[in-house]
Amino acid sequence: MGGAVTKSDGQVTKLEAKIIEAVQRRASRGTTMKSFNSIVLKFPKIDEGLRNCKAIFQEFDEDSNGSIDHTELKNCFRKLEISFEEDEINDLFEACDINEDMGITFTEFIVLLCLVYLLKDDSSTLQKKWRLGMPKLEPTFETLVDTFVFLDENKDGLVSREEMVRAIDESGERSSGRIAMKRFEEMDWDKNGMVNFKEFLFAFTQWVGIDENEEEDDDNNDNKSA
């Protein structure tokens, strides 16, 4: 499984550049996070918030096959009145389809929506239907962006191993160095020593307990009880 947004030759893609710029713009407003411990305390609420994506995912998974294909994603954007160009939708689909199976799973959909939130993080550009349709998700997505900004100490739009170690060291936990390295390895999928926002999001969904197989089990249980 690969999680990089970069091209195979190491060059930054257009989408990754936009994400880095968006993170840096958001960082200019500061962060409300005070420590890594304060982030951990928010895990249950973040988990609850992300699970609110399930109903939205099921609504746009029109054939109920457990993934959203390219056509369904375009329909999703159109119904939510998210004004992205065709090539932008294609880039998002490709970036979030980490299994490269031409379908966006539930976890991938969470990441995709959060990327959309970040890229459209402007009250003048966020469409009314987006705001009204997903009011429960906006605070959760904002918390995720805020967490990344907190970890990105030098505000370059990426989180380094050293930044992760410092953030967890400040929590005062025993074995904090080992914990920091483990967390960083979980995020740094392409092993280039730097974590971008997309890699962070995929790791974070696992940290708070969002699991693809668990979601499939929930669906199966729902079908059995129906």
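The end C-alpha atoms of residues 84-119 lie 10 Å apart, and this span is 69% helix and 0% strand. Helices (H or I, at least four residues) and strands (E, at least two) are DSSP runs, numbered from the N terminus. The structure is a predicted model, in which local features need pLDDT of at least 70 and side-chain atom pairs count only at pLDDT 80 or more, while totals for chains, interfaces and linings use all residues. Residues are numbered from 1 along each chain as its sequence is written, and side-chain values use heavy atoms, with hydrogens and water left out.

The span 84-119 is one of those that UniProt lists, in an unreviewed entry, under "domain: EF-hand"; the record also gives 48-83, 139-174 and 175-210. Such annotations may be inferred rather than shown by experiment, and their positions follow the numbering used here, with feature names shortened. Over residues 48-83, the chain is 61% helix and 0% strand, with end C-alpha atoms 28 Å apart.

**The chain overall**

The chain contains 13 helices and 2 strands. Of its 226 residues, 48% count as buried, that is, under 20% relative accessible area with a 1.4 Å probe and protein chains only. Contacts are heavy atoms within 4.5 Å; among those in the chain with a separation of 6 or more, 65% join residues 24 or more positions apart.

| Residue | Place | Relative accessibility |

Leaving aside residues up to four places away in sequence, Asp 61 touches Gly 66, Ser 67, Ile 68 and Glu 72. Asp 61 also lies 10.0 Å from Gly 103, C-alpha to C-alpha, although 42 residues separate the two in sequence. With the same exclusion, Thr 205 touches Leu 50, Thr 107, Ile 110 and Ile 210.

**Helices H1 and H9**

The axes of helix H1 (residues 14-27) and helix H9 (residues 137-151) come within 10 Å and cross at roughly 85 degrees. The two helices are therefore roughly perpendicular to each other, a term that covers angles of 65 to 115 degrees. Axes are lines fitted to C-alpha atoms over the stretch in contact, and angles run from 0 to 180 degrees between N-to-C directions. From H1, Val 23, Arg 26 and Ala 27 meet Glu 142, Val 145, Asp 146, Phe 148 and Val 149 of H9. By class, this contact has 5 nonpolar, no polar and 3 charged residues.

Note on methods
Angles under 35 degrees count as roughly parallel, over 145 as roughly antiparallel, 65 to 115 as roughly perpendicular and the rest as oblique. Ala, Val, Leu, Ile, Met, Phe, Trp, Tyr, Cys and Pro count as nonpolar, Asp, Glu, Lys and Arg as charged, and the others, Gly among them, as polar. Buried means under 20% relative accessible area, exposed over 50%, partly exposed in between (1.4 Å probe, protein chains only).
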